[in-house]
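Here is a short briefing to read alongside the sequence and the model.

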Amino acid sequence: MDLAIIILYTLALLVIFFYSISELQLLLNYLKAKKSVDTAEKFDLKNPAEIPVITIQLPLYNEMYVVERLLRNIAKIDYPKDKLEIQVLDDSTDESILTTTEVIEEIRKSGIDIQHIKRENRSGFKAGALKEGLKIAKGEFIAIFDSDFMPNSDWLKKTVPYFKNPEIGVVQTRWAHLNRDYSLLTKIQAFALDFHFILEQTGRNFGRHFINFNGTAGIWRKECILDAGNWSGDTLTEDLDLSYRAQLKKWKFKYLEDVETPAELPVAISAARSQQFRWNKGAAENFKKNYLRLVKDPSVSFGTKFHGFFHLLNSSMFLIVLLLGVLSVPVLYIKNNNPAFSWYFNVLAGFGISTIIFFCCYYVPYAKIHGKGAKSFFGFIGMFITFFAVAMGFSVHNSLAVLEGHFGKRSEFIRTPKFNVNNLKDSWKGNKYLSNKFSGTILIEAVLCFYFAFALYSAFKLNDFGIIIFHLMLFGGFGFVAFKSIFSKG
């Protein structure tokens, strides 16, 4: 039994090490990208002959709190009215549909071509709605925004020109955050998303590896969508699915790190849970659906296959971290009961370099947002530890999502409730879309909090403090997630 535990523990450390190496390469790509000069040929939107027709799609489902804000903001988009169409793809089943209708009618009177498209059922969920709208879309290019996104008025003028290159199928922009500093939960989410949108997306795009359209705040060439097989609702992350199918068809993606599209982060832990579950399960479903096709394609480089592996299996790292955490306690006792093999555990300690790599990788996007001063650096250290502790706390919840994705268990597309909350004066407690359902997962998280409290006790009992920080983070992470989930009203 001891041998099996040590083997599993070692394999988990190896997987995390190779994952850190992939992130290190993306960091190097990012630094190179910052030194490169953008020489892309672009449409001249001052020339009427070069202005393409654009369709903006706004998929909605029961968005009472944000729909008016969304529609009024989109109506401010600066683009010739005769070249712009707005499709409101409304699958709503509640009273929000009345507000949507009223605002659309008001906007239409200003001369904007805006259509209110309602389906009789939610077949295919978001993917189904996008596909339905595409059938009648007038635009050569399709911009998509979720209900909580607030693009600036010049957004199309900053993105559309890149489609001058006929090989470009997608232009994706970086998410910004309307309520980054609302709470510790929103700060943690922003920390993670900044890492993805600044370092990972830029690093993959510069290295000519596959990236993903992020479901919103991006624009597609209609021909690309159709050539790649159109939207499909057979995974929970239809955006990632279509992205890989399009790039396997040799379409190129353009990522614009410096074009920000502000959006709202979930402020309730139940909303964050539902979003995390969908993203992580969907990624696992996409690995199952698309990775073999990527591996078998002889025209795809080894580097792209390597990064595609960790891109699609990114969510599966939660499984590895959970396994590593649970096994670390018996490993602590095995180590102290077998002093003759202390050399092996010293070798395993070398895998701590993974932590150093992650530290450097996460610092770069943090410094871009918050600056490089001493105060910022110490703030980063605190946020780095807090983020990874809470990420570990979510590992049970997210591992369940990953396992469902890999084993093919079907589930509905659960939307993330929106709040229209930007500061502490705004209340979200009465949000009608929040779920207060108690999950058995929360009980497991609470048990693991006590499990890692025992791990902390064991460090003092055995006088072995080699991984006490790891156990302290696990204790704090599971405690935070369990406490917030049990006592938060939403």
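Let's begin at Leu 323, which sits in helix α11, the stretch covering residues 317-337. Please keep in mind that this is a predicted model.

- Leu 323 has a relative accessible area of 31%, so it counts as partly exposed.
- Patch members need over 30% relative accessible area, and Leu 323 has 31%.
- Together with Leu 3, Ile 7, Leu 8 and Leu 11, Leu 323 makes a nonpolar surface patch of about 450 Å².
- Helix α1 provides the largest share of this patch, with 4 residues.

**The second largest pocket**

- The second largest pocket holds about 1,200 Å³ of space.
- Its lining is made of 36 residues, and those closest to the pocket centre are Asn 205, Phe 206, Phe 253, Lys 254 and Tyr 255.
- Three elements each supply at least two lining residues: α1 (2-35), α6 (184-206) and β7 (252-263).
- β7 gives the most to this lining, with 8 residues.

**The cavity**

- How many cavities of 30 Å³ or more does the structure hold? There is 1.
- The largest cavity has a volume of about 40 Å³.
- Its lining is formed by Gly 124, Phe 125, Lys 126, Ala 127, Gly 233, Thr 235, Leu 236, Glu 238 and Phe 413.
- Helix α4, residues 125-134, gives the most to the lining of the largest cavity, with 3 residues.
- The lining of the largest cavity comprises 4 nonpolar, 3 polar and 2 charged residues.

**Phe 387**

- Phe 387 is part of helix α14, which runs over residues 374-393.
- Is Phe 387 buried or exposed? Its relative accessibility is 11%, so Phe 387 counts as buried, because the cut-off for buried is under 20%.
- Between Phe 387 and Glu 68 there are 319 residues in sequence and 33 Å in space, taken from C-alpha to C-alpha.

Definitions and conventions:
Residues numbered from 1 in each chain as written. Predicted model: local features only at pLDDT ≥ 70, side-chain atom pairs only at ≥ 80, totals over all residues. Heavy atoms only, no water. 1 Å grid on protein atoms, 1.4 Å probe; cavity = no way out; pocket = protein on both sides within 12 Å on 5 of 7 lines; lining within 4 Å. Points joined across faces, edges and corners; volume = space filled by probe spheres on them. Patch = residues over 30% accessible without salt bridge, like charges linked within 9 Å, V, L, I, M, F, W, Y side chains within 5 Å. Areas by Shrake-Rupley, 256 points an atom, 1.4 Å probe, with all protein chains shown as cover. Salt bridge = Lys/Arg side-chain N within 4 Å of Asp/Glu carboxyl O. Buried < 20%, exposed > 50% of the residue type's maximum accessible area, 1.4 Å probe, protein only. Nonpolar A, V, L, I, M, F, W, Y, C, P; charged D, E, K, R; others polar.
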